[in-house]
Protein chains: 2
Amino acid sequence: VPHSDCAPLEDLAAGIRRLVDLLLRAADDDPALPCITAELDRISAELERKFEPGEPFEKMLRSDRPRHDPIAGIENALAPPLRIDVAADGTVISVAEFALPYQGPRGVVHGGISALVLDHMLSMANGGSRGSLVTAELSVRFHRPLPLFTACEIRCRQTEVDGRKVRAYGEIVVGGAVAVTATGLFIAKRISPDVPAVS
Amino acid sequence: VPHSDCAPLEDLAAGIRRLVDLLLRAADDDPALPCITAELDRISAELERKFEPGEPFEKMLRSDRPRHDPIAGIENALAPPLRIDVAADGTVISVAEFALPYQGPRGVVHGGISALVLDHMLSMANGGSRGSLVTAELSVRFHRPLPLFTACEIRCRQTEVDGRKVRAYGEIVVGGAVAVTATGLFIAKRISPDVPAVS
C-alpha cells in the first residue's frame, strides 16, 4: 500500500482498512493477536493524550466534512471508500467493488450495505451535498445477489422536483444486470434557486 | 478498554474501532500520523505473511459467520457492534448508541446507517439468521433526526407470513419518539416447518 506525503489522515484510514479486512481472515488461535491489540491500544492512548480533558463537545464533533462520511469518507476507515463522480447531466456515479467486511450471505454484499450506499448517492443526486436536504423515504428492491470482489456500477439521478419535495432513482448494476434499485424522497429545507421547480 | 483472555479476534476488533474513532478527531497536521501508519503496515504485513500464496478462495472467504457481519459482528471492526436480543415473543431488540464514524449530517446518525441496521434486524425478525431468506424489498421512513451519542432502541418483529413471502416491521425510538420506521419483504428459499403458514 503506497502512501502519499500529503494526506496523513487518509493514509492512516487506508492502513486501518487493511487491518479490518485481515482480521476477518485471521485464525482465532493466532498467538500474535493479543500483542497486536496491545500495540493498537498504545497507539490509541498516544492519540487520546492529545485531546485536552473537558474539550468542548463541538470541537470533538468537528466532523460533518465530506471526508468523514461512512460511504465515501476517505478519512473514515468504515467507508469502502467509494469514489463518487458527478456526470455532466447530474447523474452521480461510482464504480465500486466490495470486500469481505461488507459481506452478508456467503460471498454476497450485505443488503443493508447496498441500502446505505444508495441512500447516500440518492441524496447526492438531489444536491444533498449542500447539506440542505432531509431524507424522508428510502425504498430499495433487491433483484439479484450482488457478489463480493466484483466491480459494480452505482448510478443515481434526480427524477422529480415538486416544490420542496425532490425524488431520485438509483441502481446497482453488475455484469450487465440490475442487482438493486432504489428510490428516495427528500425534503429540501428551502427551495434552492438553482433547482428548476417543475410542480 | 479491558480485554478478555479468550476472545483475541474480538479484542482486536475493539482496538481497531477505538482507532477508527480517534482518527476522525485527530489533527491532520499531527506529526505522529505517518509513524502510526507505518506501524499498522508492519502489523498487517505480519498477518498477511501467515496466508499462503494461492490459498483457495473458499478458505479466504470463511466468513459468513454471525460474528463477521457489518452490524452485530463482534469481530468486524466496521460493526458498531450492535448487541441484538430476541424477546420471548420473537421481537428482535437492540439498545444502541452510534458514535462519530456513523455520522451523516452534523451530530446525526447517517440515514443509510439506520437503513443498514433495520435491514439486518428485519431479516433476523423473519428468521433470516438461519440463512434461508432473501431480502426482496426494504422501505424506510425517516421521521426525525437520530442523534449521535444517544441511546436509542431498535425493535423489529414479523408481521405476516404468506407462503414463502414473509414481512416484518421495525422502528428506531429515541427519547420516547419514533425516529425511523421500516418494513421489509423477504422470500424464504423454502417454507420453514416451524413457521405457521397463515396464507
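**Notes on the contact between the chains**

1. Across the interface of chain A and chain B, 21 residue pairs are in polar contact, counting pairs with both residues at pLDDT 80 or more. The confidence cut-off applies because this is a predicted model.

2. Several elements of chain A build the side that touches chain B: α1, α2 (33–48), α3 (57–60), α4 (111–125) and β3 (133–142) each supply at least two residues. The most comes from α2(A), with 14 residues. Sorted by class, this side of chain A has 42 nonpolar, 16 polar and 20 charged residues.

3. Ten salt bridges are counted between chain A and chain B. One of them joins Glu39(A) to Arg42(B), with the closest N and O atoms 2.7 Å apart.

4. How many residues does each chain bring to the contact? Chain A gives 78 residues and chain B gives 78 residues. Together the two chains bury about 7,500 Å², and 62% of that lies on carbon and sulfur atoms. Of the area that chain A buries against chain B, 9% is supplied by Leu23(A), Leu78(A) and Arg106(A), more than by any other three residues.

5. Helix α1 of chain A covers residues 8–23, which makes 16 residues. From first C-alpha to last, α1(A) reaches 23 Å, close to the 22 Å expected at 1.5 Å a residue. Is α1(A) largely enclosed, or largely open? Of its 16 residues, 14 are buried, so α1(A) is largely enclosed by the rest of the structure.

Key
Residues numbered from 1 in each chain as written. Chains lettered and ligands numbered in written order. Predicted model: local features only at pLDDT ≥ 70, side-chain atom pairs only at ≥ 80, totals over all residues. Heavy atoms only, no water. Helix = DSSP H or I, 4+ residues; strand = E, 2+ residues; numbered from the N terminus. Expected span 1.5 Å × (residues − 1). Buried < 20%, exposed > 50% of the residue type's maximum accessible area, 1.4 Å probe, protein only. Contact = heavy atoms within 4.5 Å. Buried area = accessible area lost by both parts, 1.4 Å probe. Salt bridge = Lys/Arg side-chain N within 4 Å of Asp/Glu carboxyl O. Polar contact = N/O pair within 3.5 Å; in protein donor to acceptor, adjacent residues only side chain to side chain. Nonpolar A, V, L, I, M, F, W, Y, C, P; charged D, E, K, R; others polar.
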